[in-house]
Amino acid sequence: MFDFLSTVNLKNQMFLEIGAGSGVISLLASKLGANVTATDINPEAIEATKGNSVLNNLQIKVLRSDLFESIEILAYDIIVLNPPYYPKTPKNNLEKAWYCGNNFDFFHRFFEKLNIYIHIKTKVFMVLSEDCDLSEISRIAQSYGFYFQLIDQKIIAWEMNYIYSIQIDNAN
Ligand SMILES: C[S@@+](CC[C@H](N)C(=O)[O-])C[C@H]1O[C@@H](n2cnc3c(N)ncnc32)[C@H](O)[C@@H]1O
């Protein structure tokens, strides 16, 4: 996502990251001129992103939110996420970095609300890997009226990583 974002025009774009972790993607987007809101469910991630934005002298809105729950309703220009994707219920905040819930709950909840935060030209980018259940995640997206378009792929630490653009399925 880091390399890919450098190829996207982010200047003055309203940019939302869900699950920002320590904030590297959001920091880069801010450096490239985007108006960034970085969110995460984990308070430690929020503190890390805040600290990193201060260290890098970047103005980023950092917000603790469980998916869209505390995010002001606004149509963003770009939404990015590198989600947890293993189907298991997380026992603590740390595990939320990897586990998306037994029934892929994270993805159901994300796609259920995504419509409210996009406009006709919004670009939504999601990182997934060969290690996740791509067909189930894409089936969930389809059930909410979205489909995945592969736009980039790269091997990172022996694992193929994909960047998908999430598109509105006009056939629905
Ligand atoms: C795989 S990590 C990605 C971190 C960072 N964006 C990166 O690319 O390195 C997934 C992130 O999603 C966050 N997360 C998990 N469940 C979430 C939820 N329901 N709402 C918001 N963030 C969540 C985790 O705390 C974690 O920081």
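The space taken by the ligand is the largest pocket in this predicted model. Around the ligand stand 16 residues. The structure also contains six salt bridges, one of which joins Lys61 and Glu72.

**Residues around the ligand**

- Of the 16 surrounding residues, the closest are Gly19, Asp40, Asp66, Leu67 and Asn82.
- By type, the shell around the ligand consists of seven nonpolar, five polar and four charged residues.

**Polar contacts and burial of the ligand**

- Glu17 uses its side chain: one of its polar atoms is 3.0 Å from a nitrogen atom of the ligand.
- Ala20 takes part through its backbone, with a polar atom 3.5 Å from a nitrogen atom of the ligand.
- Ser65 also places a backbone atom, N or O, 3.5 Å from a nitrogen atom of the ligand.
- The ligand taken alone exposes 600 Å², and the protein buries 83% of that area.

- The side chains of Lys61 and Glu72 form a salt bridge, with an N to O distance of 3.7 Å.
- Lys61 belongs to strand E3, residues 61-64, while Glu72 sits in the loop between E3 and strand E4, residues 76-81.
- The pair therefore ties together parts of the protein that are eleven residues apart in sequence.

Conventions:
Residues are numbered from 1 along each chain as its sequence is written. This is a predicted model: local features need pLDDT of at least 70, side-chain atom pairs count only at pLDDT 80 or more; totals for chains, interfaces and linings use all residues. Side-chain values use heavy atoms; hydrogens and water are left out. A residue is near a molecule or strand if one of its heavy atoms lies within 4 Å of it. A polar contact is a pair of N or O atoms within 3.5 Å; within protein, one must be able to donate a hydrogen and the other to accept it, and residues adjacent in sequence count only if both atoms are side-chain atoms. Accessible areas come from the Shrake-Rupley method with a 1.4 Å probe; for residues, only the protein chains shown count as cover. On a 1 Å grid over the protein atoms alone, a cavity is a set of points where a 1.4 Å probe fits but cannot get out, and a pocket is an open set with protein on both sides within 12 Å along at least five of seven lines; lining residues have an atom within 4 Å of a point. A molecule sits in a cavity or pocket if more than half of its atoms lie within 2 Å of its grid points. Ala, Val, Leu, Ile, Met, Phe, Trp, Tyr, Cys and Pro count as nonpolar, Asp, Glu, Lys and Arg as charged, and the others, Gly among them, as polar. A salt bridge is a side-chain nitrogen of Lys or Arg within 4 Å of a carboxyl oxygen of Asp or Glu. Helices (H or I, at least four residues) and strands (E, at least two) are DSSP runs, numbered from the N terminus.
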